[in-house]
Amino acid sequence: MRAALVFGMPMNPVLVELLRATHCESLHRGALAVLDADGAIVMALGDVDRPVFPRSAVKVLQALPLVESDAAERLRLNDDELALACASHNGEPEHVRTAAGMLAKAGVDAAVLECGVHWPRLESASRELAAAGAAPTALHNNCSGKHAGFVCLACSLIGWTDIGLNLPQYMRGYVAADHPVMREVSAALQAATDVDLSRAPQGTDGCSIPTFGIPLRHLGLAFARVATGTGLRPGHARAAKRLREAVARSPFMVAGTDRFDTRVMERLRERVFCKVGAEGVYCAALPERGLGVAIKIDDGNNARAAEVVMAAVIEAFVALDDADSLFMRGLSDVKMKNWNGIEVGSLVASESLRRALVV
């Protein structure tokens, strides 16, 4: 019997189900890869060789040059600032102040940022900003920390005697693929994933930098390397360790109030580094196990599907005590309530996913 096809590709398995009462109301299909740093697949479901755009899920890889260079040390970037360089944040006041502080250390302001402007992701932060009669700036963009990191990296690339008045001119167009900053960032991504990006599908991310199509198999490998340092050159290995430590100490900066990444890393700290992307992509490094995780939900759903799968993976591969297990089960088996607070169903990891995770 031939496998069912969707858009000419094999249909991926159901990873998440939305149950209303006990009846399945919706299904979310996807693919999942868990690898070690030698490239061995520990488990895989679905098509893990089809290129996907990881987008914000790989921000830690894009921040490797910032730390490998002397920029982070010379500018004395602290844990909050390094965590923000890996973040897709809510645009809360703490995030905005931290991004502005990174730029101030480089001697510039938000005018150099090329990530674009949008209102804070957190509704209460947007309401507060509007109530104050203020408008959002590039600092409120969820990628402002990553872009502030690019600015700090530029300080090292241009040379410390030439920063100041020359930096804004040097930075102009830094989101372009051929700019020295983006060449460094893309080279780090290529080295970590073992993918020739010159042959990979390429597009433009929401924050205007290049994004590349990379198979889940290679994303899982990259995050296993982030977890262990194995397979990374020494400077990148040290940078990965420093960034994981920073995020574990400042998990609020990597996402914010009520966000999955922040909640999980506040709870589990250095046992998990997880980072949401866009369109249903999620990646994680599990240092204690030396593993990397890469997920893609076919319909692009993050909060309703990718988070549930990531929670189930963490349950399966991370050593948890009873309290931690209860916490994570609340994220992999989410009770759904209506506006009156009545429980009406649940969002759950599928039985096929649960079975596959017993390895």
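Q: Contact means heavy atoms within 4.5 Å. Which residues of α7 and α9 meet?
A: First, this is a predicted model, where local features need pLDDT of at least 70, side-chain atom pairs count only at pLDDT 80 or more, and totals for chains, interfaces and linings use all residues. Residues are numbered from 1 along each chain as its sequence is written, and side-chain values use heavy atoms, leaving out hydrogens and water. Now the helices: Phe150, Leu153, Ala154 and Leu157 of α7 meet Pro180, Val181, Met182, Glu184 and Val185 of α9. By class, this contact has eight nonpolar, no polar and one charged residues. Here Ala, Val, Leu, Ile, Met, Phe, Trp, Tyr, Cys and Pro count as nonpolar, Asp, Glu, Lys and Arg as charged, and the others, Gly among them, as polar.

Q: What makes α7 and α9 roughly perpendicular?
A: The axes of α7 (residues 144–158) and α9 (residues 180–193) cross at roughly 105 degrees and come within 9 Å. Axes are lines fitted to C-alpha atoms, for helices over the stretch in contact, with angles from 0 to 180 degrees between N-to-C directions. Under 35 degrees is roughly parallel, over 145 roughly antiparallel, 65 to 115 roughly perpendicular, and the rest oblique. So α7 and α9 get the label roughly perpendicular. Helices (H or I, at least four residues) and strands (E, at least two) are DSSP runs, numbered from the N terminus.

Q: Why is the link between Arg20 and Glu25 called a salt bridge?
A: The rule asks for a side-chain nitrogen of Lys or Arg within 4 Å of a carboxyl oxygen of Asp or Glu. Arg20 and Glu25 come in at 2.7 Å, N to O, and qualify. Side chains of opposite charge can pair when their charged atoms come close. By this rule there are 17 salt bridges.

Q: What makes the pairing of Arg242 with Asp79 a salt bridge?
A: Their side chains meet at 2.9 Å, N to O. Arg242 lies in α11 (residues 234–249) and Asp79 in α4 (residues 79–85), so this pair ties together parts 163 residues apart in sequence. Asp79, Arg242 and Arg249 are linked in a network of salt bridges.

Q: Why is strand β11 called largely enclosed?
A: Six of the six residues of β11 (residues 281–286) are buried, so the rest of the structure largely encloses it. Val281, Cys283 and Ala285 point one way, and Tyr282, Ala284 and Leu286 the other.

Q: How do you know that β11 and β12 pair?
A: Pairing needs at least two bridges found by DSSP between the strands. β11 and β12 (residues 291–297) have six, in the antiparallel sense, with Ala285 opposite Gly292. β10 (residues 273–276) and β11 also pair antiparallel, over four bridges.

Conventions: Buried < 20%, exposed > 50% of the residue type's maximum accessible area, 1.4 Å probe, protein only.
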